[in-house]
Amino acid sequence: LIELMVAMSIGLFLIGGALYMYSQSKNTYRASDSLARLQESARFALDTIEPDIRLARYWGRNAEPALINVPAGITVPCSGSPDVAAWALNIGAAIELSDDDYDLPCSAFSNSPRIGSDVLTLRHAEPWSGGIEPGPEAGRLQVQTSLAEGWIFNDGTAPGVGADSATHNVVLSAYYVNERSSFDTSQPSLRRLTLRANGSLGEDEVIPGVENLQVQLGIDTNGDGGVDRYVDGDDPLVTDEAAIVAVRLWMLVGTPADDQGWSDTASYPTPDADLGDLVAGSADYPASMRRMQISKTIYLNNQGS
């Protein structure tokens, strides 16, 4: 009997150790999986925005917005407004940045934009897919440009601006952070207002989990093509469109922590001095989320003149 009790004690000790190792391994797996999801979300968000930034100011064969005509009568409807064509087709402003506030003329998803997060708007022509020029398409906003001029049109009839002209679809993308996601109303998300094929503005969700987007613009103050200062969207230097040569993105990305007892109490310093640090545990940044911050500087392919 004594030998049996000793054997049972040893067995229970070994089983307890095995259960403890299993529990620790499971927690480690959960943490690693959360970090992998964070990295994947951050990479996807950056990979989505980066091509739009690099293409800003690209208008086909004529990169001078002053020579591209926007005829009267074109309408661009969106949620909350019957016509925002004056804003949507402001092609002279290839890059617009709203600092810590949502000021787009279209209603945000669920009317819940995140205040304290930037809004980045980008305008350009879409490169040809596979090197094939798109044909005129009624309803879609398109631009036909030659070396001398260009025209915006949406009636399916190319204006004909010369034998050397080319047609491109017009692209408008406005990125912002919303308090909600289409997949989980308790999570924030990175969203994009964009032009549809029918010429209206619609909204897509880029990725859930993005809690804040901060953007700074790289300004060339001496005309040498390099960045001399990075400034917020409300800086007076931003009024010189041609001086913007780079865009610096900063994002805070979060995912619900699977770890029992996990609590994030860190402070995340933003590049915006007016905004300051984002403190985990506050109302908009719950402590139950696992987080990472990521930044990237992207130079424009088409610098202003």
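**A pocket, a sheet and a buried glutamate**

Reader: What volume does the second largest pocket have?
Author: This is a predicted model, where local features need pLDDT of at least 70 and side-chain atom pairs count only at pLDDT 80 or more, while totals for chains, interfaces and linings use all residues. Residues are numbered from 1 along each chain as its sequence is written, and side-chain values use heavy atoms, with hydrogens and water left out. A pocket here is an open set of points on a 1 Å grid over the protein atoms alone where a 1.4 Å probe fits, with protein on both sides within 12 Å along at least five of seven lines. Taking volume as the space filled by probe spheres set on those points, the second largest pocket comes to about 160 Å³.

Reader: Which element gives the largest share of that pocket's lining?
Author: Lining residues have an atom within 4 Å of a point, and here they include E126, R140, N169 and T194. Two strands (DSSP runs of E, at least two residues, numbered from the N terminus) give two or more residues each: β6 (166-178) and β7 (189-195). The largest share, 4 residues, comes from β6.

Reader: What about E211: buried or exposed?
Author: E211 sits in strand β9 (residues 210-219). Setting aside neighbours within four places in sequence, E211 touches R114, Y285 and R291, among others. Because its relative accessibility is 1%, E211 counts as buried.

Reader: Which side chain makes a polar contact with the side chain of E211?
Author: A polar contact is a pair of N or O atoms within 3.5 Å; within protein, one must be able to donate a hydrogen and the other to accept it, and residues adjacent in sequence count only if both atoms are side-chain atoms. At 2.6 Å, the partner of E211 is the side chain of R291.

Reader: What is the strand order in the open sheet of 4 strands?
Author: Two strands pair if DSSP finds at least two bridges between them. β9 and β11 (residues 244-256) run antiparallel and are joined by 9 bridges, with V210 opposite V253 in β11. The pairing in this sheet is antiparallel, and the order is β10-β9-β11-β14.

Reader: Which are the edge strands?
Author: An edge strand of this sheet pairs on one side only. That picks out β10 (229-231) and β14 (289-299).

Notes: Buried means under 20% relative accessible area, exposed over 50%, partly exposed in between (1.4 Å probe, protein chains only). Contact means heavy atoms within 4.5 Å.
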